Amino acid sequence: MSPETAAVSKTKGANKVGPRHRVRLMLTCLCDIYFGEVGIATVRVLEHMGCEVLFDRDQTCCGQPPFNAGDWASARQVSGLTMRSLLEAEDPVVTPSASCAAMVREGYPVLYEGLQHPQIFELGEFLVHHMKIKEWPVTTKKAPADRRVAFHRACHGRGIGLTNEQEILVGSLPWVHLVRFKQGEQCCGFGGSFSITHNSISAGIGMEKLHSIIDSGAEEIVSGDMGCLMHLSGLIKKNKLPLKTRHFAELLAEAIGE
């Protein structure tokens, strides 16, 4: 382990219920700036499954914004530290963002010649396919209130082959009732910089989805992508809609006893 790499996993006294693994945590720009609670929840979730979680402070933005804009030179400059700090190690990289996982998995082999199949996994994907978790092990003695949840599947998740991994975990929580709604596969409308350059179209797409969710009777929107959650949360607040948004890692974390 390099001096710059911090082990954020508190193994002494950790509630480990699964096999031992060592993983590197890739936080994202949105997590760093807006969703710190998602990073904390992700660490708790991974520790709960017996993982030692390492966090490399050298990581920066994954480089997706300039990559999507076609400025690949800037994308290499932005993503260089992240690529080296995370992908040169042998440990698998786990991130609570389907968007950033997609960028590293699909974009980095384009940016960096010779780099093939980066070992990075979205959190739900890692838990279900690599930790073999099909039902979340609840250990809390104080169950949260029952809730009706609409699950939003992010476009980038589908792009890297995710299906219902996150929903399997959330749906196994005894106090969660997953609600189906019309056009469940529809994009939230965010699209990164698209929401700025085409803000009225972006907002219109998001509002259409939100109204479908409200009609379903759901009280909360849960997703595995913070970009989608930021966009939908902004529309909810602006239009005073009766909905809350949360990352699925937060729901799993609250099911863990102290």
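Predicted model: local features only at pLDDT ≥ 70, side-chain atom pairs only at ≥ 80, totals over all residues.
Colleague: What span does α11 reach from its first C-alpha to its last?

Modeller: The helix runs over residues 226–239, so 14 residues in all. At 1.5 Å a residue you'd expect 20 Å. The model comes out close to that, at 20 Å.

Colleague: Which residue caps the N-terminal end of α11?

Modeller: Look for a side-chain oxygen that lies 3.0 Å from the backbone nitrogen of glycine 227. The cut-off for a polar contact is 3.5 Å, so that pair counts. The cap is aspartate 225.

Colleague: Which elements do the buried residues of α11 pack against?

Modeller: Buried means under 20% relative accessible area, and the α11 residues that pass include Met226, Leu229, Leu232 and Ile236. Their packing partners are α1, α2, β6, α10, β8 and β9.

Colleague: Which element gives the largest share of the largest nonpolar core?

Modeller: That core has 34 residues, with Leu46, Leu127 and Trp136 making the most contacts inside it. Elements giving two or more residues include β2, α2, α6 and α12. The largest share is 5 residues, and it comes from α12.

Colleague: How many residues are in the second, separate core?

Modeller: Ile236, one of the buried residues of α11, belongs to this second core. Ala150, Ala154 and Ile221 are also among its members. The count is 17 residues.

Note on methods:
Residues numbered from 1 in each chain as written. Heavy atoms only, no water. Helix = DSSP H or I, 4+ residues; strand = E, 2+ residues; numbered from the N terminus. Expected span 1.5 Å × (residues − 1). Buried < 20%, exposed > 50% of the residue type's maximum accessible area, 1.4 Å probe, protein only. Contact = heavy atoms within 4.5 Å. Polar contact = N/O pair within 3.5 Å; in protein donor to acceptor, adjacent residues only side chain to side chain. Core = buried A, V, L, I, M, F, W, Y, C linked by side-chain atoms within 4.5 Å.
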